[in-house]
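Please consider the points in order, with the sequence and the model at hand.

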Amino acid sequence: MSTHRPSGALAERLEALESRIAFQEQWLDTLDEAVAAQERRLTRLERINDLMQEKLRDQQRALLEGDATAPGPADEVPPHY
């Protein structure tokens with residue numbers, strides 16, 4: 001069985017294609033890592049956002065409850081007492 005070797009031009013084209021595929025695979029790996037990092041960052045930012053919204057709701061609730069329990073003008077002692 002004889003091994004068939006591609007001609008010079010064909011070998012160059014094949015080598016160029018293999019090189020491009022290797023570069024594209026490396027580029028895809030890089031993009032995959034970037035997307036994964038962005039996904040982790042987005043998840044972290046969503047978690048922070050949820051916590052901040054919860055704190056804001058707690059503060060708004062406390063302000064509303066504070067207004068309801070704060071002494072009104074009728075409850076205040078005049079300054080001369």
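1. Of the 81 residues of the chain, 0% count as buried, where buried means under 20% relative accessible area, exposed means over 50%, and partly exposed lies in between (1.4 Å probe, protein chains only). The model is predicted: local features need pLDDT of at least 70 and side-chain atom pairs pLDDT 80 or more, while totals for chains, interfaces and linings use all residues. Residues are numbered from 1 along each chain as its sequence is written, and side-chain values use heavy atoms, with hydrogens and water left out.

2. The chain exposes about 8,100 Å², of which carbon and sulfur atoms supply 57%. Accessible areas come from the Shrake-Rupley method with a 1.4 Å probe, and for residues only the protein chains shown count as cover.

3. Helices (H or I, at least four residues) and strands (E, at least two) are DSSP runs, numbered from the N terminus. Helix α1 spans residues 8-69 and includes E25; L28 also lies in helix α1.

4. F23, W27, L28 and L31 make a nonpolar surface patch of about 450 Å². Patches are made of residues with over 30% relative accessible area and no salt bridge, joining like charges within 9 Å and nonpolar side chains (Val, Leu, Ile, Met, Phe, Trp, Tyr) within 5 Å. L28 is exposed because its relative accessible area is 54%.

5. E25, D29, D32 and E33 form a negative surface patch. Asp and Glu count as negative, the charge being placed at CG of Asp or CD of Glu. E25 has 49% relative accessibility and therefore counts as partly exposed.

6. The structure holds one salt bridge, defined as a side-chain nitrogen of Lys or Arg within 4 Å of a carboxyl oxygen of Asp or Glu. D58 pairs with R61, with the closest N and O atoms 2.9 Å apart. Being three residues apart in helix α1, D58 and R61 are separated by about one helical turn. D58 is partly exposed at 36% relative accessible area, and R61 is partly exposed at 43%.
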